[in-house]
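Please keep the view open while you read.

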Amino acid sequence: MDYERFFVDRIADLRNEGRYRVFAELERMAGDFPRARLHRDGESREITVWCSTDYLGMGEHPAVLAAMHDVVDTSGAGAGGTRNIAGTNHWHVLLERELADLHGTQAALLFGSGWMANLTALSTLGTLMTDCAFFCDDILHNSMSEGIRMSRAEWTTFGHNDPVDLDRAMGACARTRPKIVVCESVHSMDGDTVPVARILDVAEKHGAMVYLDEAHAVGVYGPRGGGIAEREGEAHRISLVQGTLAKGFGVVGGYIAGSTEICDVVRSFGSGFIFSTALPPAVASAALASVRHLKEDDALRRLHQERVVTLKRRLREAKIPVMASDSHIVPVLVGEAQLCKQASDDLLKDFGIYVQPINYPTVPRGTERLRFTPTPLHGNGDIDHLIEGLVAVWRQLGLSAAA
Ligand SMILES: *Cc1c(COP(=O)(O)O)cnc(C)c1O
């Protein structure tokens, strides 16, 4: 076999479809978010970031930076081991306690990333419980579908955020089988929100556990930043919640929170937890400061929601086809991969606006989009400039306006 040829062809396929990923090389500027320097072809220029998942700008919050500095100075750079072998630092334990308190659970467990938390938790539960059946929302994040696949357990999908279809799917499954319902509270690409109480009603009716990914909601929703389940007053009914420290909390790392027993099982049997080095203590300390700040102070969340409402209104007024979403994730439909990339390129080149094109397989073909994430730090001037850029690019490329 000509290996090189094979790899070259696979990449050529991606390029032909307009799906080849080109990374923007950014230099984030603490104190100046959402501004960043973009490095390209030996030059650099200042741009405005419109697609960061640092949803609240906590990645540059003074309390977070101070906490990280302090612990780098006192404890050094790395954790020193896996959690079991010399790597459990005081800050991990404090952070796990804080996260359990945030979600009103008995325990929480940290991972290197939210992706790893999903993979490990779901693969472990699905492997341990003999004859376990998963019921998954049919647009699930890659980290969860990979975890379920890894467990080799049977898996059935139900219509996106559809409790009636979940009820139908579960009705066909023996009452005695262990069951886990898996869904995402705020969908990463569509920005719609799960009807959590109704999903919980159906799951309880069929005697199932519920696993809820709150990656896009923690820090951002709920009176203390506990996510959608907290906002809806349903947190106590979730068996296991998963979150990330990398988005609303602005640092890095992932976690699950639930009963002492479930967390202990994942801690004791989950390969992705056991065999991977613990997070740096300074990272845990920074995340702890972020969680604490957002628990006590609602101001950023309120300003964030105001910015979201304003951006959506301005897009509608300018006839830019903003897709329905009831969250801070604001998708704008382009509908074709090459055009989507072109729109993104033009916004960057002509307006210094950076928004990454979102193409298949992240979203279905025909729904290629630009996904905007306004933060509390995007001012009115930033929104004016974005609208001006979008209107010009829409005209230039002959893209369809909103009805
Ligand atoms: C981003 C994301 C994750 C993974 O979190 P990381 O901390 O970035 O690894 C998990 N689930 C969903 C829905 C996500 O969007």
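Predicted model: local features only at pLDDT ≥ 70, side-chain atom pairs only at ≥ 80, totals over all residues.

1. Numbering starts from 1 along each chain as its sequence is written, and side-chain values use heavy atoms, leaving out hydrogens and water.

2. Rings of Phe, Tyr and Trp (its six-membered ring) pair if their centres lie within 6.5 Å; planes under 30 degrees apart are stacked, over 60 edge-to-face, and the rest tilted. That rule gives three aromatic pairs here. One of them is edge-to-face because the rings of Phe6 and Phe7 have centres 5.5 Å apart and planes at 75°.

3. Phe6 is partly exposed, at 35% relative accessibility, and Phe7 is also partly exposed, at 47%.

4. Trp50 and Phe372 have ring centres 6.3 Å apart and planes at 80°, so this pair is edge-to-face too. Trp50 lies in the loop between strand S3 (43-49) and helix H2 (62-75), and Phe372 in strand S14 (residues 369-372), so the pair ties together parts 322 residues apart in sequence. (Helices, H or I with at least four residues, and strands, E with at least two, are DSSP runs numbered from the N terminus.) Trp50 is buried, at 0% relative accessibility, and Phe372 is likewise buried, at 0%.

5. Finally, charges over rings: NZ of Lys or CZ of Arg must be within 6 Å of the ring centre and within 35 degrees of the ring normal. Arg10 lies over the face of Phe6, 4.9 Å from the ring centre. The charged end of Arg365 sits over the ring of Tyr360, at 3.8 Å from its centre.

How values were computed:
Buried < 20%, exposed > 50% of the residue type's maximum accessible area, 1.4 Å probe, protein only.
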